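Colleague: I am new to this one. Could you show it to me and let me ask how you know what you say about it?

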Amino acid sequence: MGHKYLQVTFCLWAITCLLLPSPSVGVSRITLKKQRLDLHGIKAARMAMHGEDMLHNFGSSDGEVMPLKNYLDAQYYGVIGIGSPPQNFSVIFDTGSSNLWVPSSKCYFSIACYFHSKYKSSRSSTYTKIGKSCEINYGSGSISGFFGQDNVKFGGLVVKDQVFVEATREGSLSFVLAKFDGIFGLGFQEISVGNATPVWYNMLNQDLVREDVFSFWLNRDPLAQVGGEIVFGGVDPKHYKGKHTYVPVSRKGYWQFDMGDFLIGNHSTGVCETGCAAIVDSGTSLIAGPTAVVAEINHAIGAHGVVSAECKEVVSQYGDLIWQLLVSGVQPDKVCTQIGLCLVKGVQSMSTGIKTVVDKKNMEGLSAGDQVLCTACEMTVFWIQSQLRQKETKDRVLNYVNELCESLPSPVGESAIDCAKIPEMPHITFTIGDKPFKLTPEQYVLKTGEDITTVCLSGFTALDVPPPRGPLWILGDVFMGVYHTVFDYGNLEIGFAEAA
């Protein structure tokens, strides 16, 4: 009788095991490799952030929005296979763009193609020719080519009939020096060039993953063998501590959300009190934000910037007047027009703390020198207004603002920091979902080199994006390495938790 009960129990256990889904079913893992940052890469990233095309495209609300990137500083990449049999490529898994592209065997006249693996359609039995030409513009160059279709293999999955770009021209030195071959976009279809269906969408359409979620864990240990991991179809509890804080996607295209106040130490900068847009971007190592705020960060951490003569001129000649106008209640966005440094319809509201693009008609009325003075005035107003909230005296405020003129971020990346002073630097805090997300100096300072050749650099760079898209922050690997990030496509949410 006991044997019968044992047999029945065993059968029930076996059936239950068969019915329950395996933990690995519908989940795909990709191990990421890590490339050490170098000084040239960080400088190139900052230069690209200041490109005119980038500013124009981010601010554009008409037409096709292009992914805007400089990938020379990207650290984390993985391997995928395209075709049958698979041809392997190292790619950046990029949440800031939506297309998949790799170099084509038909790329004859770009130097970059000779340094990377090239896709040969003739060697794939599953290839389908499309042939439609396309171009993808980036902050520091562009790639062009044509669309093709083939199977894409990665992490144990095979996405069938994926449309991708076969690049025949890579017009930037960035791609020559890059350690990766191509880009694997994980953004929304709204920013996909040619309206090509992103790989992630096809993973969902072909029922390859269990949940409409993918997550990033980036290993910040420079000595670790594994650089990180992407989990498609779920999250790995080993990758984070505590619970995730979720915020809704505010605008499809990039993984964009609304961020709250931004603090240096315990002091609010005031720039995001009424909210700022932010993008989570795995395709860049840096954190980018408004010039006026990055200048304050530079000053607080002792990063060397660019001395601005125009900024100092505004402070010395107009500092007292700006102070008096603000104290008397004049709106911050009216101050520079009242003292004659900006036109009436010039740069919009510095209550947001962001330099914006003046419309073409008004730009014609300003010389290059006048434009610089107008911008310097706008930043001075923002800084003084920020200090007024802290009830500092006029002399102390003007001295502080004058020092900030020496801390303006340099587009060529001159942001060296004394490594010995890292323990004395303030925390930087982002407010997300009404909760503080702190970065310690050890987390936001980038190190390159070893021993006596070690150079410490600020992980922040300047990017001024005009309304309605701006003010805008881009949270790259510096932030994602500290906070495990979940991209929930099903619920259109982004989740952050302390990385394990």
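**The disulfides and their surroundings**

Modeller: Gladly! This is a predicted model, and the structure holds 6 disulfides.

Colleague: What makes C272 and C276 a disulfide?

Modeller: The sulfur atoms of C272 and C276 are 2.1 Å apart. A disulfide is called when two cysteine sulfur atoms lie within 2.5 Å, so this pair qualifies. The link of C272 and C276 is left-handed, with -95° about the S-S bond, and both C272 and C276 are buried.

Colleague: How do you know that C311 and C405 are joined by a disulfide?

Modeller: The sulfur atoms of C311 and C405 are 2.0 Å apart, and because the cut-off is within 2.5 Å, the pair counts as a disulfide. C311 sits in helix α7 (residues 309–327), while C405 is in the loop between α11 (394–404) and β17 (416–417); the pair links distant parts of the chain, 94 residues apart.

Colleague: Why is the disulfide of C311 and C405 called left-handed?

Modeller: The torsion about its S-S bond is about -65°, so the disulfide of C311 and C405 is left-handed. Both cysteines, C311 and C405, are buried.

Colleague: And what makes C336 and C377 a disulfide?

Modeller: Their sulfur atoms are 2.0 Å apart, so the pair C336 and C377 meets the cut-off of within 2.5 Å.

Colleague: Why is C336 called buried?

Modeller: C336 has a relative accessible area of 2%. Buried means under 20%, so C336 is buried. C377, at 0% relative accessibility, counts as buried as well.

Colleague: Why does C134 count as buried?

Modeller: Its relative accessibility is 11%. That value is set against the cut-off of under 20%, so C134 is buried.

Colleague: What is the pairing of the bonded cysteines in sequence order?

Modeller: Numbered that way, the pairing is 1-2, 3-4, 5-10, 6-9, 7-8, 11-12.

Colleague: How much of the protein is buried?

Modeller: Buried residues make up 56% of the 500 residues. The protein has 13 helices and 25 strands.

Colleague: What share of the contacts with a separation of 6 or more joins residues 24 or more positions apart?

Modeller: Such residues account for 72% of those contacts.

Technical notes:
Residues are numbered from 1 along each chain as its sequence is written. This is a predicted model: local features need pLDDT of at least 70, side-chain atom pairs count only at pLDDT 80 or more; totals for chains, interfaces and linings use all residues. Side-chain values use heavy atoms; hydrogens and water are left out. Buried means under 20% relative accessible area, exposed over 50%, partly exposed in between (1.4 Å probe, protein chains only). Helices (H or I, at least four residues) and strands (E, at least two) are DSSP runs, numbered from the N terminus. Contact means heavy atoms within 4.5 Å.
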